[in-house]
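Here are my notes for anyone opening this one up for a first look. Have the sequence and the 3D view side by side as you read.

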Amino acid sequence: MKRICKKLTLSVLMIGAVFLTAKAQNPVIQTKFTADPAPMVHNDTVFLYTGHDEDDAFGFKMHTWLLYTSTDMVNWTEHGAVASLKDFEWVPHENGAWAAHSIERNGKFYLYCPVPGGVGIGVLVSDSPYGPFKDPIGKPLIKKSEHDIDPAVFIDDDGQAYLYWGNPEVYYVKLNEDMISYSEEIIQDPSTPDNYQEGPWVWKRNGHYYLSYASTCCPEGIGYAMSNSPTGPWEYKGMIMDGDKRSNGNHPGIIDYKGKSYVFGFNYNILKQTMSKHYERRSICVEELSYNADGTIQKHPFWSRNVEQVSTLNPYNRVEAETMAWSEGVKTEFATEWERNISWDKGKKVAERLFATSIHNGDYIKVQGVDFSDGPKAIEVSVASLYGGKIELRVDNIDGPLIGIVNIDVKGQGDIWKTMTSPVSDIKDVHDLFFVFRGEKDLFNLDWWKFTK
């Protein structure tokens, strides 16, 4: 009996140790190609606005801006496209949704969006970080030169907001309090720091002002400079991260969250799983940022030190299928369901869904750090079955202990969503959860899941 108790105690300790050292895998988004991260912290949640490289992109093929959220820095939930070039009536192109930046002020959320080729930088505004975003001015906010790309916004402690942008020089302007206009002149910063390329990001910490940016070319790393003022002069301090020959560009986004600092950027690792040549199909990464005692930043390796999970996930709340720490083979899709499938008489809107799709045998979704507490009895899943199949529920590893199987034994119902329930074996405490998909052909679409006690 003592021996059994000892084993149980050891198992509990090991489970706790697994969670405490659980780390995200880079890149953090696998279902789509994402670039140009613009993280923002609001209401204890990280809102990650991203550019979107299309799956068939050769060069920069970008039409929309996407949104992902996380409360633990490892599991990210997609919310689909929150803005696109179509939101700007003055934009003449279908392509060019380059690096945007988001910020909140006075209960409003602002998204600053550049369109290359001298078209300018526009601004969208919303009452919610999830959108919808609207163009409040009907014209470019900034239209000065071919350098009008990569906007970044910073609000100082005195309430003054600054907009920075530019390649290969840094420009800035003081924004008015409405965040959609300015009164003073645009300044080309005479102290543009060493190795500056593009992608400025400005923040303040312990009285120091920081300017990070894509540095050197190519490949681009992430460099930074410091100042005693939000308008410079900027003094180059070194590299946060050197470039890497396996990559090409970069674009920093830096935040503090739950007592830690993080730097976002991107690499091309998912592209390189299947392609040997270079295409602009990028994937966002994140790493914890470390400061020295004098405020300077330690150099980090190229997206190799993955971040630790900062809180657990509750499986007894409804969890969207597009919430994941890692996946293989799975894509996501947005669709609207109507009362009738008659193009001229669709009737009422039934639902709008973002769901996991392109699911085939052997594909899987990993959800990290799931707190089963004192144990579930069953799982509910919302599926639309194509050819049918099953979901194996495994813990800790893709081939780890099997705690349940959801049999989706119908087919030909890809346009009908059903909630299916299946019992699960006893599982407690914190584990990584794997949804492993089995079957033939296109299996099914998965909208959400939820454990019940």
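1. Ground rules. This is a predicted model, where local features need pLDDT of at least 70 and side-chain atom pairs count only at pLDDT 80 or more, while totals for chains, interfaces and linings use all residues. Residues are numbered from 1 along each chain as its sequence is written, and side-chain values use heavy atoms, with hydrogens and water left out.

2. Helices (H or I, at least four residues) and strands (E, at least two) are DSSP runs, numbered from the N terminus.

3. A buried lysine. Have a look at lysine 366, in strand 24 (residues 364-371). Lysine 366 is buried and has no salt bridge; aspartate 432, the nearest side chain of opposite charge, is 4.0 Å away. Buried means under 20% relative accessible area, exposed over 50%, and partly exposed in between (1.4 Å probe, protein chains only). For charge, Lys and Arg count as positive and Asp and Glu as negative, with His and the chain ends not counted. A salt bridge needs a side-chain nitrogen of Lys or Arg within 4 Å of a carboxyl oxygen of Asp or Glu.

4. What surrounds it? Leaving aside neighbours within four places in sequence, the contacts of lysine 366 include Met324, Trp326, Leu433 and Phe434; contact means heavy atoms within 4.5 Å.

5. Strand 5 (residues 101-105) has 4 of its 5 residues buried, so it is largely enclosed by the rest of the structure. Strand 5 runs antiparallel to strand 6 (residues 108-115), with 5 bridges joining them; two strands pair if DSSP finds at least two bridges between them. The hairpin has 2 residues between its strands, and asparagine 106 in the turn has a positive phi of about 55°.

6. Which strand holds valine 173? The answer is strand 10 (residues 171-175). Valine 173 counts as buried, at 1% relative accessibility, and among the residues it touches are Ile142, Leu163, Trp165 and Ile186. Serine 283, in strand 18 (residues 283-289), is buried with a relative accessible area of 0%. Serine 283 touches residues including Pro27, Phe33 and Phe266.

7. Salt bridges. How many salt bridges does the structure hold? There are 22. In one of them, lysine 331 and aspartate 55 meet at 3.1 Å, N to O. Lysine 331 lies in strand 22 (residues 331-338) and aspartate 55 in the loop between strand 2 (45-53) and strand 3 (64-70), so the pair ties together parts that are 276 residues apart in sequence. Lysine 331 is partly exposed, at 25% relative accessible area, and aspartate 55 is partly exposed too, at 39%.

8. Aspartate 345 and arginine 340 form a salt bridge, with their closest N and O atoms 3.0 Å apart.
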